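Here's a quick tour of the salt bridges in one protein model. Have the sequence and the 3D view handy as you read.

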Amino acid sequence: MRGGGAADGGPRSGPPCGLLEADVSGPDRIPPGAVPALELRGLGKRFHLRSGGILRRRVTELRAVADVDLVLPRGGILGLVGESGSGKSTTGLMALRLLEPSEGQILIEGTDVTALGHAALKPWRRRVQVVFQDSYSALDPMFTLAQVVAEPLRIHGIGDGASRHRAALDWLERVGLHRSYGSRYAHELSGGQRQRVAIARALILEPAVLIADEPTSALDVSVKAQIINLLQDLQAEMDLSILFISHDLSVVRSLCDRVAVMFSGRIVEEAPTEAIFTSARHPYTRALLDAIPVLDPRQRRRRTFRDRAEIARDVPVLRRGEVTGPVPEGAGPRLMPIGPDHRVAAVLEGEAA
Ligand SMILES: Nc1ncnc2c1ncn2[C@@H]1O[C@H](COP(=O)(O)OP(=O)(O)OP(=O)(O)O)[C@@H](O)[C@H]1O
Ligand SMILES: [Mg+2]
């Protein structure tokens, strides 16, 4: 696990303003390592899509996410990868309780928040924050950046106007922007600077979990690297847990401890990052890895891009001896343990896929 409890006494460590130390009205702080920061159990989402006119109205059900079990340990960075439409953002939005799950549970620091109503949920909302790809729409153009960054403190009734303003300027500095940016507006910033502001706004409440949904996808290569470095530093300083949603497998490889691969709304493989890159077992994971651009022509292979339907049919079949833990009950493809912390959606030899 990266960065567990790092940066003691570092120049940027600790709360920026002491506001939260004095004013923890939310859930009790949990001792490090005791429970996962975030856990998703059997999470699913069905959308009902309406088509046709008044007379021939049809409703079709889209199972966007199904049976997602994920554990994000405290201080861990879990990558969630998969093609467009595979259900990554839907999973992230459900973890934030911005989208109601159709089934399953969401646990934040060990507490089941799935069914909590608005008031009971509020302290937990502080513990899980988000940064999206498109931060421009999230940053109110009418507000100064100091107001934008301080707004979560205001919403949660923390501090007074002056202390919130100071905290916002401290956070602008902490994400690498000069304090004078506090009086500027979002439209004056570059894409990379806007992502820094979005990160400051997400972290000012000192959440346990940051959901980062494609936070670097709109940035060019050098700015992307800066934002990844910033996230890495802040993660270590704050012992933050990050669910990092991305298409970009090279970024995932450099940032994440573990990777979960989604295909058609389901997790098909999950393992420590290196195991995903060196010993992927699921054909879809392999297809994703094969799609990473290779710049060195000597290393370029003839690539055969496989059809999704073909991949869906090509369920891995495991011999009993390959399964390293209890075989989950049920029929059809299910996540089976095949190595240290490595699970793959597969069937057993002799079973029908
Ligand atoms: N509000 C909605 N109503 C109906 N269908 C939706 C809704 N939100 C998402 N979907 C569908 O659910 C599926 C999963 O979408 P989702 O946005 O989670 O994918 P994603 O993996 O984040 O894709 P991308 O990489 O393009 O961001 C898609 O088929 C999408 O069209
Ligand atoms: Mg998405």
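What follows is a short report on charged side-chain pairs.

## Ground rules

This is a predicted model, where local features need pLDDT of at least 70 and side-chain atom pairs count only at pLDDT 80 or more, while totals for chains, interfaces and linings use all residues. Residues are numbered from 1 along each chain as its sequence is written, chains are lettered from A and ligands numbered from 1 in the order in which they are written, and side-chain values use heavy atoms, with hydrogens and water left out.

## The count

How many salt bridges are there? The count comes to 22, taking a salt bridge as a side-chain nitrogen of Lys or Arg within 4 Å of a carboxyl oxygen of Asp or Glu.

## Pairs that span the chain

R266 pairs up with D67, with the closest N and O atoms 2.8 Å apart. R266 sits in strand β10 (residues 266–272) and D67 in strand β2 (residues 58–72), so the bridge ties together parts 199 residues apart in sequence. Strands here are DSSP runs (E, at least two residues), numbered from the N terminus.

Then there's R74 with D239, at 3.3 Å between the closest N and O atoms. This pair links distant parts of the chain, 165 residues apart. D239 is buried at 15% relative accessible area, whereas R74 is partly exposed at 31% (buried is under 20%, exposed over 50%, partly exposed in between, with a 1.4 Å probe and protein chains only).

## One more pair, and a network

R97 bridges to E100, the closest N and O atoms being 3.1 Å apart. R97 is buried at 10%, and E100 is partly exposed at 41%. Elsewhere, R46, E61, R63 and E103 are joined into one network by salt bridges that share partners.

Technical notes: Helix = DSSP H or I, 4+ residues; strand = E, 2+ residues; numbered from the N terminus.
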